[in-house]
Amino acid sequence: MSRLAASRPRDWIRAVLVLATLALLALQDVAGWLVVYPDAWVLPITPWLNAFMVWCVDTVGPGFRAFSATVDVPMTAVRELLNWLPWSVVLAVLTFVAWAAAGWRLALFTGFAVLYMLIIGYWTESMNSLALVAISVPTAVGVGFGLGALAFLSGRAERVIAPGLDLMQTVPAFAYLLPILLLFGFGPVVGLIASVLYAFPPMVRNTRLGLARVSSEVIEAGLMAGATPSQLFWRVRTPSALRQILLGVNQTTMAAFSMVIIASIIGGTADIGWEVLLTMRKAQFGESLLAGIVIALMAMVMDRLTAAAATAEPKDPGGDRGLFARHRNAFIAVGLGLAVGLLAELIPFLKAYPEAWEIYPAQYLNDAVTWLVVEHAGTINLIKSWAFFFVMLPVKTGLAQTITPFTWGFEFTPGLKAGYVALALALVLYMAVRRGVGRASSIAFLAILLFFGLTRLPWPALLAMATLLGWQLGGLRLALGTAAALGFLIVAGVWPQAMLSVYLCGLAVLLSFALGVGLGLLASEYDAVSAALRPINDTLQTMPLFVILIPFVMIFKIGEFTALLAIMAYAVVPAIRYAEHALRNVPAQVVEAATCFGCTRRQLLWRVKLPLAMPVIMLGLNQTIMFGIAMLVIAALVGTNGLGQQVYIGLGDGDFGVGIVAGLGMAFIAMIADRMTQGVSRTWQERLGPTPRQ
Amino acid sequence: MNALKGMVAGSILATASVTGAGADSSDPIRIPVNEWTGQHVSAHITGTLLQKAGYTVEYVTAGAVPQFAAIAQGDLHLQPEVWTNNVGDVYPKAVESGDIVVLGQLGLQPQEGWIYPPYMNDKCPGLPSYEALYDCAQAFAAADTFPRGRLITYPADWGTRSKDVVAMIDLPFEPVAGGSEGAMIAELKSALAAEQPVIMMFWQPHWLFAALDFDWVSWDPAGGECVEESGQKRGSACGFQQASVDKIVNKDVATKWPGAYRLMEMVTVDNATQNTLMLEIDNKGRKLEEVVAEWVEANEATWSPWVEAAKAAMSS
């Protein structure tokens, strides 16, 4: 029986849209505004925003500046304290803390990390970075806990806070550096505030979730014991939610570390971030890598430390033990610090590490990259041209413009074009008969996209298509949200840049998702692969992304291909992690049952594990998209022309409006993508039905 | 832009904190340190001389663009090396409103234009004249620009000057925005290592010229100053208007530290000085402070009049 008759109304809408797209393309010579949104229709959103900013600075500016003067005091104090302490004291105390929290392996790693900072000669810079994080993390945790508790206690507050969190995490920090600078004045405080703004949202989410998940029995027990509301909150709810809250602390810490470099762009901090920027400007790969490793190591140590605290078994309250017994580790840490400090007074090199003992192997790293560039120039060019001609350009400007004798080796003659159209039509008809109008329309749209290219499709068609997709994946609300957000991009006049960003980021996400799921699959089957991938993933996620740009540029030159690779290097990590996690956590009973039925290993993977793991893998796609969009701004440093570049133009011109419009645009695209992939994940979950979870 | 009004508000605050005129303030003078070595040299020479005159000096790392907001607001006080070609909108507005005072040129002779490695002279006969580029665009072509030549321009946030010139003189080249200084240098380094074609908008003095060899594309002689924005065409193309490197101070410096103001008026640093010092620092890996101290010691005849003038101008 034909599926044609069984098609749903919205499938027909899609078909109509495809036809409308073709009609718009046919009309583009007559009515250009149908394809390219006219400049005259652009609303002056940027001037409005700038006017608002001036008003803000005039009215509330003095208050903000007083605030930043206050915050500067503890920051300077911590920085001076850390720089005053002999290195041996910092080493001893940190190693002991790591041992007490997570055992000797982390202690060993911590000791190695501290020694590394010392040996390559970045001690002062490292301590300055540590000071920034030491202030920003507690502040972010405090703010996050407060807002999380507020969101938990009041539904109205939650409705305000939730969308705000999405914005905070998706608007690139570069976009709000300028307003912060204007409001708070120049100096390290600006970096601190940018860091807090970016780092607190995970804390809010985890606090709210943790508080909401406290079981009702625990609450009842508390009530029966006669707890007042405040006791109930502080003595019952908060301790019970502690594990989730500590997970929030962990994520907040990681986010704060990822802001260290961006904070340095303003300046005022002679820290590791500044060192990375300085070496990056000179394109000194080895030097910037050595500095970048410091941040990666710090972040990894803090990650393991806070993660260990989050998963540790809750200790018994130890009611009537003495003061010393309860704070034994704290006393030991202080004692150890004092002892080593005294020793450092006697033995000078324990206090100030001698410069002659520093080792700085940057030159070897630089030579390695140069060797690669010189020896493999031919291969590198081949890879790049191939990627350009057969993948990137067709998506960007379409086959109609891409196929030339220089690129594909032949002319795209009218005959060949007719062949392409005939092939596409045949495929569409086949799909219409076998799979229904919906699928057929999707294929038709893809065929049009490949022929004309994403950047040359009419904006009304793309807007309508995205809105329809939103409706299908998330209902009416998502459809309205999508239409409003994309509408903003159109009337604000950044639609062409947005499409360039979507093209670059979309391609990078698709490629890294495919690659990541493949690697994750291997890692779930072979422990050796998993063990080899983990340190690579950790490094890619914690290393400042600027550092990896330089070797990529040296090898693949300035341009979109390098940007694509840079985005992929960062976005592939969540795809790998989620895929491996999902496949490894398929319920054991199911696997056992399947094995009993005589499944081979391959059948087990493809027929049982993969379908069951799909919802979680889709969440991985969601994260891949988020990471990809986050990387867009940084990728603009190697020469792209999307919204990321607009953010820099705004920063360079001191134009608040331009930067924030581009930043909001990226946030909107991220949010739409987030809701849509969550919708897909939900659909998969529902299709599977409730699975037995362990 | 409009953000400037905000800075005005900020600097009113800063003015309020300035203690009454008369004696030079003993507060530290804050000098921004930007992202390139040449500026480090200028900043540290100026700073060392200010110390010789009896001031306390504080060096603060600052981004080349964000620093203007800080100087206008009085968070940073003086900057000996400002390249007037890539300053965005904040700087000219701040100069116009009087928050930033320009004290003339530092003495560096900047040059801007298109550079290429010497081995390209063989692949494109007729260079360095820009006329040669019309015939050998393909020698500079790459996969993403073929058959047009690939010209790396300044990053998009530094304006579109090369792109405009290419369009005006109708050169068969595709301008590709460089993204960032680091990316541009990385590209140059790797192209030179593998002897690949490259042509790029660049500027000097820059430490790169101490380490690597480059030739400059030459233009038709302009009668007087080159007018870059309009009127250029093949046969009468003058290329680029040359920038100047200015010394600037916050508007309160004249009243708060009159001696420092005087010293800033007098101080000069030329290309030769910067190039020699940069070579020591970037290529020989020596410490900035050490190299500057050496220069100061060896050139007392040059700077002692400046310091004397500063001391004379100090209100006692």
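Modeller: Domain bounds here come from an automatic or database domain assignment. This is a predicted model, where local features need pLDDT of at least 70, side-chain atom pairs count only at pLDDT 80 or more, and totals for chains, interfaces and linings use all residues. Residues are numbered from 1 along each chain as its sequence is written, with chains lettered from A and ligands numbered from 1 in the order in which they are written.

Colleague: Okay, which domains does chain B have?

Modeller: The assignment gives domain 1 (3-11 + 18-108 + 244-313) and domain 2 (111-216) of chain B. Their centres, taken over C-alpha atoms, are 32 Å apart.

Colleague: What makes two residues count as "in contact"?

Modeller: Their C-beta atoms, placed from the backbone, must lie within 7 Å. By that rule, twelve residues from domain 1 of chain B and seven residues from domain 2 of chain B make up the contact.

Colleague: And which helix gives the largest share of the domain 1 side in chain B?

Modeller: That's α12(B), with seven residues. Helices are DSSP runs (H or I, at least four residues), numbered from the N terminus.

Colleague: How many residues of chain A are in contact with chain B?

Modeller: 56 residues of chain A, facing 48 residues of chain B. On the chain A side, α2(A) supplies the largest share, nine residues.

Colleague: What makes a residue there "nonpolar"?

Modeller: Being Ala, Val, Leu, Ile, Met, Phe, Trp, Tyr, Cys or Pro; Asp, Glu, Lys and Arg are charged, and the others, Gly among them, are polar. So the side of chain A that touches chain B divides into 33 nonpolar, 15 polar and eight charged residues.

Terms used: Helices (H or I, at least four residues) and strands (E, at least two) are DSSP runs, numbered from the N terminus.
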